[in-house]
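Hi,

Here is the structure I promised to pass on. Please open it alongside this email; my notes follow below.

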Amino acid sequence: MSEQERKKIILSSIQPTGTFTLGNYIGAVSRWGKLQDEFDCIYSVADMHAITVRQDPAQLRKRTIESYALLIACGIDPKRSIVFIQSHAGTHAELNWILACSTQFGELSRMTQFKDKSAKHPDDINAGLFTYPVLMAADILAYNADLVPIGEDQRQHLELARNIAQRFNGKYGDFFTIPEAYIPEVGAKITSLQDPTKKMSKSDENPNACIFILDEPDVIIRKFKRAVTDSDSIVRYSEDKPGISNLMSIYSAVTGKNIPDIEREFDGKGYGDFKLAVGEAVADNLKPVREEFARLMADKAYLKECYMNGAKAALSISGKVAAKAYHKVGFVDAR
Ligand code: TYM
């Protein structure tokens, strides 16, 4: 197949640390299903990444299955895309080692997420937390992905994955595709509803700060009503109005309306009307996700069939890449 005929490969992954947030959904997962028409898509639940912070094993297993079901509920079709659980493809761990040997201590030390997480868990700054971006590079490079749809917070990790790939290619000859970040124009950084200078995150201690995609409609509407905004009441997108601008990005992402249209729609109306409209639009948008999730969780056999098929497909691709990488670095072939 010529380069023109080959569809580009999309790859992304999400950690199974609880229900997805509206930030995960808008910045990443809600877009993943839409990419299936144009690209060959590969998605996974990053359970290996999750254990860089302490997890209860039974909870992790449960959340991994729930996250898998959520990916499908958010529009990813396991018949059209490869959808798998990261730990089912041992090839990622194999490549992780190879790539770690092309990664510098200094560049890992500069990762802001490592600094943030080690500040949050000072009693458990483990080596996995430090080398986490190498495993992420392995996830991506194992499939020679062209594009990686992510939110803004993962940009630095993706940059590092590119550097690792380039360094490997420099040492051993062109091998890995250099992946590109695929970051949305609107919604790449959904912020906390209580402190719009902070990323919306599931670990936020204030329950009103974060919308979870399985929240009931009345809970969603209530959280939006309580969202922190500035003291004027003009619905206008502006850097000095981070709270209202965040709500506008959310509204834009779930309705498909652009920012100027939203400004016109709410011209002369106050924040109260706008917050209610955002809450209702988000609740409406998430209703089918909630229903599909409930349906899928009632059919564990189907989910298992999907993730077992996903693992087979993932291993078939990444196994070949890992074997070639082993050969490239000079390991003796076993076949
Ligand atoms: P994770 O699980 O933290 O987040 C999953 C995706 O959601 C995006 N995201 C957001 N986007 C906008 N606003 C927010 N507030 C927000 N919060 C999260 C993230 O940018 C991400 O795209 N290391 C990754 C998982 C991973 C991965 C990979 C991603 C493992 N291997 C390979 C891409 C390719 C992570 O922890 O994402």
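Start at the ligand: one of its nitrogen atoms is 2.6 Å from an N or O atom in the side chain of Tyr 132. Keep in mind that this is a predicted model. How much of the ligand's accessible area does the protein cover? On its own the ligand has 720 Å², and the protein covers 97% of that.

There are 26 residues around the ligand. Those that come nearest are Tyr 132, Asp 139, Gly 151, Asp 153 and Ile 190.

Tyr 132 turns up again at Thr 52. Thr 52 is in contact with Tyr 132, and also with Asn 126, Gly 128 and Leu 129, leaving aside neighbours within four places in sequence. Thr 52 sits in the loop between helix H2 (47-50) and helix H3 (57-73). Is Thr 52 buried or exposed? Its relative accessibility is 8%, so Thr 52 counts as buried. A polar atom of its side chain lies 2.7 Å from the backbone oxygen of His 49.

Next, the domains. The domain assignment gives two entries for the protein chain: domain 1 (9-187 + 300-329) and domain 2 (217-294). Their centres, taken over C-alpha atoms, are 30 Å apart. Contact between them involves 10 residues of domain 1 and 12 residues of domain 2.

Now the interior. In soluble globular proteins, nonpolar side chains tend to be buried together. The largest nonpolar core here has 60 residues. Which of them touch the most other members? They are Leu 22, Tyr 68, Leu 71, Phe 224, Ile 250, Phe 274 and Val 282. Helix H12 (residues 271-297) gives the most to this core, with 12 residues. Both domain 1 and domain 2 supply at least three residues each.

Take Ile 250 as a way in. Not counting residues up to four places away in sequence, Ile 250 touches Leu 22, Ile 26, Ile 190, Leu 193, Phe 224, Val 278 and Val 282. One of these, Ile 190, is also among the residues that come nearest the ligand.

Another core lies apart from the largest one. This other core has 39 residues, including Ile 9, Ile 150, Leu 158 and Val 321.

Best wishes

Methods:
Residues are numbered from 1 along each chain as its sequence is written. This is a predicted model: local features need pLDDT of at least 70, side-chain atom pairs count only at pLDDT 80 or more; totals for chains, interfaces and linings use all residues. Side-chain values use heavy atoms; hydrogens and water are left out. A nonpolar core is a set of buried Ala, Val, Leu, Ile, Met, Phe, Trp, Tyr and Cys residues joined through side-chain atoms within 4.5 Å. Buried means under 20% relative accessible area, exposed over 50%, partly exposed in between (1.4 Å probe, protein chains only). Helices (H or I, at least four residues) and strands (E, at least two) are DSSP runs, numbered from the N terminus. Domain bounds come from an automatic or database domain assignment. Contact means heavy atoms within 4.5 Å. A residue is near a molecule or strand if one of its heavy atoms lies within 4 Å of it. A polar contact is a pair of N or O atoms within 3.5 Å; within protein, one must be able to donate a hydrogen and the other to accept it, and residues adjacent in sequence count only if both atoms are side-chain atoms. Accessible areas come from the Shrake-Rupley method with a 1.4 Å probe; for residues, only the protein chains shown count as cover.
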